[in-house]
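The following paragraphs lead through a structure, from its overall form to individual residues. Please keep the sequence and the coordinates in view while reading.

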Amino acid sequence: MIENLSTVTYGKSQLDLINSGFDGVSAVLCGGSEDEKASILFCLERFFDPYFNSKLPYEDELAVLLQKMLLGNNSDSIVEDIIDLLWYYGKPLDILKENFNTLSEKVRQEIIDRDLFEYR
């Protein structure tokens, strides 16, 4: 039996929020519930994953925020989602590099496993 299974979805409200600009996305990622953060991060894959060929005008600013989020306390699933987005980002992650030794062991291992410092 699978326990603690959750489903993350997104819809028009998350797309509208992302399309409205950085401030709204930042507000949810910095102060929203776990479910709200998960939905926004899932929706952001649509813009970070090169398969979809969509870019946000504030992508670099968002990448800074995502790196800073890894310095804080977030659930394992949120950390994994952030690392996935930063992997798609494929540009230098200076904040993570500068603070690597202050990150939790789990986050450091995720970064190493995903080769986040190797740019595509």
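How many Å apart are the mean positions of the positive and negative charges of the protein? The mean position of the 11 positive charges and that of the 22 negative charges are 4 Å apart. In this count Lys and Arg are positive and Asp and Glu negative, while His and the chain ends are not counted. Each charge is placed at NZ of Lys, CZ of Arg, CG of Asp or CD of Glu.

The model is a predicted one, in which local features need pLDDT of at least 70 and side-chain atom pairs count only at pLDDT 80 or more, whereas totals for chains, interfaces and linings use all residues. Residues are numbered from 1 along each chain as its sequence is written, and side-chain values use heavy atoms, with hydrogens and water left out.

The protein contains 7 helices and 0 strands, and its pattern along the sequence reads α-α-α-α-α-α-α. The radius of gyration is 14 Å, close to the 14 Å that the globule rule gives for 120 residues, so the protein is as compact as a globular protein of that length. Helices (H or I, at least four residues) and strands (E, at least two) are DSSP runs numbered from the N terminus; the radius of gyration is taken over C-alpha atoms, and the globule rule is 2.2 Å times the number of residues to the power 0.38. Along the principal axes, the C-alpha atoms fill a box of roughly 40 × 40 × 25 Å.

Of the 120 residues, 40% count as buried, a term that means under 20% relative accessible area, with exposed meaning over 50% and partly exposed lying in between (1.4 Å probe, protein chains only). The accessible surface comes to about 7200 Å², and 48% of it belongs to carbon and sulfur atoms; such areas come from the Shrake-Rupley method with a 1.4 Å probe, and for residues only the protein chains shown count as cover. Among contacts (heavy atoms within 4.5 Å) between residues at least 6 apart in sequence, 63% join residues at least 24 apart.

The cysteines may be considered next. With a disulfide defined as a pair of cysteine sulfur atoms within 2.5 Å, the count comes to 0. The sulfur of Cys 30 has its closest cysteine sulfur in Cys 43, at 17 Å, which is too far for a bond. Cys 30 is exposed, at a relative accessible area of 54%, whereas Cys 43 is buried, at 0%.

Two serines lie within helices. Ser 26 belongs to helix H2 (residues 22-31) and counts as buried because its relative accessibility is 16%. Its C-alpha atom is separated by 12 Å from that of Glu 59, which is 33 residues away along the chain. Ser 77 lies in helix H5 (residues 76-89) and is partly exposed, at 41% relative accessibility. From Ser 77 to Tyr 89 there are 12 residues in sequence and 18 Å in space, C-alpha to C-alpha.

Two further residues concern the backbone. Asn 53 is not a glycine, yet its phi is positive, at about 55°. Asn 53 sits in the loop between helix H3 (34-48) and helix H4 (59-71), where it is exposed with a relative accessible area of 71%. Asp 115, again not a glycine, has a positive phi of about 50°. This residue is found in the segment after helix H7 (105-113), and its relative accessibility of 46% makes Asp 115 partly exposed.
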